[in-house]
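Good morning, and thank you for coming. I would like to walk you through one part of a protein model, strand by strand.

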Amino acid sequence: MNAQQLHIISTGKQPIEKFIEIASHIQEHVDYFYLREKQSSASELYRAVTLLHDKKIPLSKIIINDRVDVAWVHKVFGVQLAFHSLDAGGVTAAFPGMSVGCSIHSMAEAKAAFSKGAHYGIYGHVFETNSKRGLPPKGIEELHAITRSVNLPIIAIGGITPFNCQVVLDAGARGIAVMSGVLEAKDPIKAAKEYAKSLGKER
């Protein structure tokens, strides 16, 4: 993955049609879209990918959380694995050519993901966020320690805004992942452009 990327992750709370509609309007500013729909069946996720592709979003921009089967059948860019998912090592061995990301929350998890052949990690939550109320944020220091110590591209997530984005990049993150900051914004297109600008993707 290249530096300073913008990843948009579905909230799991919006109708999937709403997510797809927003994605179709912002896709020129976004590097990757994640389908993080924990309640959806394999067939529902398959349909969602089909609808995204029908809206001219390339399969090479689509990542599916957890469901390796759907990702492989649809030949999307990759799969994002959580703690309850299949082991990253097993997935990379069984599905060559598929990009495999891991959700990580500590130095130990980052090292484990790297040792198992993950291609990148999503680390957080970095700042306070409404989706993780009551849980203290991980903060910038540990993010910086991970990016210095582990040769794994890290995408930061959690409470990231266009105004604190540079701090995250300065800590070594290769990019950011956003959910509500774009998808629940009053103007998702404007929000996506602001994030893209903060990443140096647009002037």
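One term is needed at the outset: a residue is called buried when its relative accessible area is under 20%. Please also keep in mind that this is a predicted model.

Let us begin with strand 3, which covers residues 62-65. Which way do its residues point? Ile 62 and Ile 64 point one way from the strand, while Ile 63 and Asn 65 point the other way. On both sides, these residues are all buried.

Now to the neighbours of this strand. Strand 2, residues 32-35, runs parallel to strand 3, and 3 bridges join the two. Within this pairing, Tyr 34 has Ile 63 of strand 3 as its bridge partner. Between these strands, the chain passes through helix 2, residues 42-54, and this β-α-β crossover is right-handed.

The next neighbour is strand 4, residues 78-81, which pairs with strand 3 in the parallel sense, again over 3 bridges. Here Ile 64 is partnered by Val 79 of strand 4. Helix 3, residues 68-74, forms a right-handed β-α-β unit together with strand 3 and strand 4.

Finally, how many strands make up the closed barrel? There are 8, running in the order 1-2-3-4-5-6-7-8, with parallel pairing. On average, neighbouring strands of this sheet are turned by 25° against each other, direction ignored.

Thank you for your attention.

Key:
Residues are numbered from 1 along each chain as its sequence is written. This is a predicted model: local features need pLDDT of at least 70, side-chain atom pairs count only at pLDDT 80 or more; totals for chains, interfaces and linings use all residues. Side-chain values use heavy atoms; hydrogens and water are left out. Buried means under 20% relative accessible area, exposed over 50%, partly exposed in between (1.4 Å probe, protein chains only). Helices (H or I, at least four residues) and strands (E, at least two) are DSSP runs, numbered from the N terminus. Two strands pair if DSSP finds at least two bridges between them. A crossover is right-handed if, with the strands pointing away from the viewer, the path from the first strand over the helix to the second runs clockwise. Axes are lines fitted to C-alpha atoms, for helices over the stretch in contact, and angles run from 0 to 180 degrees between N-to-C directions.
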